[in-house]
Amino acid sequence: MTTIEANFDGLVGPTHNYAGLSQGNVASIRHGGKVANPREAALQGLEKMEALWELGFVQGVLPPHERPDIATLRQLGFTGSDDRVLSDAARHAPAILASCCSASSMWTANAATVSPSVDCMDGKVHFTPANLVSKFHRSIEHDVTGKILKATFNNPDHFVHHPALPASDYFGDEGAANHTRFCRDYGEPGVALFVYGKASFSQQVTPGKYPARQSLEASQAIARAHRLNPNSVVYARQNPKVIDQGVFHNDVIAVGNRNLLFCHSEAFADQASVYQDLNKACKAHPLHIVEVSGQQVSVEQAVNSYLFNSQLLSLKDGSTLIIVPSECQNEPAVWTCLQNLVADNRCPISKLNVFDLRQSMHNGGGPACLRLRVVLSDQELAATNQHCLINETQLAILRTWVNKHYRDRLSPEDLADPTLLNESRTALDELTGILQLGSVYQFQR
């Protein structure tokens, strides 16, 4: 039996727009109010999926959420027809409407935390949708995310789906963006690294400018629910100073794959202790740490380029490929760092691919944000909804679907257009048929 790590990327939604909703996310704020191109954004994401599939990786896709979210607007007191709800929200609460039109579900690194069956005491793959309570526009996602995950991984003999944690800042959970798994081979027991920004029930120093989003208590609750071996779990605190520089999630400053950790020297509050704890837990598969110093690349340069919001992928020849956004080429220090890494025979990162993900990057998400990693055995992969897996036929169908339904220009002012709502619903209804997900959206009930 073989075990692989599959990447399930979020498909960018028809309402992809730049509303600047995410405080602490430098790119999101910087591009707020600008005109977006949803069609280009979705096609850029599909291009990355296709490239990884062509390299031999198992690549999946998860659908976007229904936006505008009329159900949430109704919950907030807007009444009447859908058109009336949109017009009243645009007139009286444009900020709320913008939040209910966010296409941020495309960043599936925040969708959930996933634990492989080999790490869980019941021998099943566990999923917990992230509650994302730190931001209103994301806190409305977890219900539909849970439905999508259940429709994608729908065999109870292999998969366990937990509800999101209580919707309280004390248990703020941002999903796999703050979780990394280390192992020698994917099918062997691994070590779960949970990174948190705050301990809700203590007096720890917290960031001064931007809020810490992930709590220690949330990470601990997920580890318990997923029935992980406590000896194979490490908790590490984010450096509050880098949170204040735009490192809102750990995957903006560190990334791991198998027994490799690639991170900045300022990623964690007590870096030496984190390394010590990881090496102790990973004694069966010694950890290889590739650390980039502040002299090589500043935190600001790392955030601007999303150097660490990259994907590390194990190729069949045993080498490691790094996937980075094209913005890395625009930062000389970052590009020099990457060239030096792949040229160093001692470094396990030996190959480099660059992708144009500008539409996603301008909204604050890079290659790592766009994918949810799911470790699956042969049997578990066979039990997964096969229509959510990428192949040549499915890629062609999805490209045709995007070109048919998506606009090539969308401004914040367009969000109140009732035609956009109808366009989005028509598109999503067709997509659930393509992916054979059943009725996962409110309007389909």
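Colleague: What is the lining of the second largest pocket like by class?

Modeller: This is a predicted model, to be clear. The lining of that second largest pocket has 5 charged, 4 polar and 3 nonpolar residues.

Colleague: Which residues line the second largest pocket?

Modeller: From the His65 stretch you get His65, Glu66, Arg67, Asp69, Ala71, Thr72 and Gln75. Ile140, Asp143 and Val144 also line the second largest pocket, along with Gln442 and Arg445.

Colleague: Which helix gives the most to that lining?

Modeller: Helix 3, with 3 residues. Helix 3 (70-75) and helix 7 (142-152) each supply at least two.

Colleague: And what volume does the second largest pocket have?

Modeller: About 200 Å³. The largest pocket holds about 330 Å³ of space.

Colleague: How does the lining of the largest pocket split by class?

Modeller: There are 7 nonpolar residues, 5 polar and 4 charged.

Colleague: Which residues are closest to the centre of the largest cavity?

Modeller: Ala176, His179, Thr180, Arg181 and Arg373. In total, 23 residues line the largest cavity.

Colleague: Which element gives the most to its lining?

Modeller: Strand 15, with 5 residues. The elements giving two or more are strand 6, strand 9 (254-257) and strand 15 (371-377).

Colleague: And how many nonpolar, polar and charged residues are in the lining of the largest cavity?

Modeller: It's 12 nonpolar, 5 polar and 6 charged.

Colleague: Switching topic. Which residues of helix 10 are buried?

Modeller: Helix 10 covers residues 271-281, and the buried ones are Gln271, Val274, Tyr275, Leu278 and Ala281. They span an arc of only 135° around the axis, so they sit on the same side of helix 10.

Colleague: What's on the face turned away from the buried side of helix 10?

Modeller: Exposed residues: Ala272, Gln276 and Lys280.

Colleague: And what covers the buried residues of helix 10?

Modeller: The cover includes several strands. Among them are strand 6 (179-182), strand 7 (191-196) and strand 8 (233-237). Strand 10 (260-264) and strand 11 (288-292) belong to that cover too.

Colleague: Cysteines next. How many disulfides are there?

Modeller: The count comes to 0.

Colleague: Where is the nearest cysteine sulfur to cysteine 369?

Modeller: In cysteine 328, 13 Å away. Cysteine 369 is in no disulfide.

Colleague: Are cysteine 282 and cysteine 369 buried or exposed?

Modeller: Cysteine 282 is buried, at 0% relative accessibility. Cysteine 369 is buried as well, at 2%.

Colleague: What about proline 189, where is it found?

Modeller: In the loop between strand 6 and strand 7. Proline 189 counts as exposed, at 53% relative accessibility. The cut-off for exposed is over 50%.

Colleague: What does proline 189 touch, leaving out residues up to four places away in sequence?

Modeller: Val118, Asp119, Arg181, Cys183 and His285. Aspartate 119 is 70 residues from proline 189 along the chain, yet their C-alpha atoms are separated by 5.3 Å.

Colleague: Last one, histidine 405. Which helix does it lie in?

Modeller: Helix 15, residues 392-405. Histidine 405 is buried, with a relative accessible area of 11%.

How values were computed:
Residues are numbered from 1 along each chain as its sequence is written. This is a predicted model: local features need pLDDT of at least 70, side-chain atom pairs count only at pLDDT 80 or more; totals for chains, interfaces and linings use all residues. Side-chain values use heavy atoms; hydrogens and water are left out. Buried means under 20% relative accessible area, exposed over 50%, partly exposed in between (1.4 Å probe, protein chains only). Helices (H or I, at least four residues) and strands (E, at least two) are DSSP runs, numbered from the N terminus. The arc is that of the directions from the helix axis to the C-beta atoms. Contact means heavy atoms within 4.5 Å. A disulfide is a pair of cysteine sulfur atoms within 2.5 Å. On a 1 Å grid over the protein atoms alone, a cavity is a set of points where a 1.4 Å probe fits but cannot get out, and a pocket is an open set with protein on both sides within 12 Å along at least five of seven lines; lining residues have an atom within 4 Å of a point. Ala, Val, Leu, Ile, Met, Phe, Trp, Tyr, Cys and Pro count as nonpolar, Asp, Glu, Lys and Arg as charged, and the others, Gly among them, as polar. Grid points are joined across faces, edges and corners, and a volume is the space filled by probe spheres set on the points.
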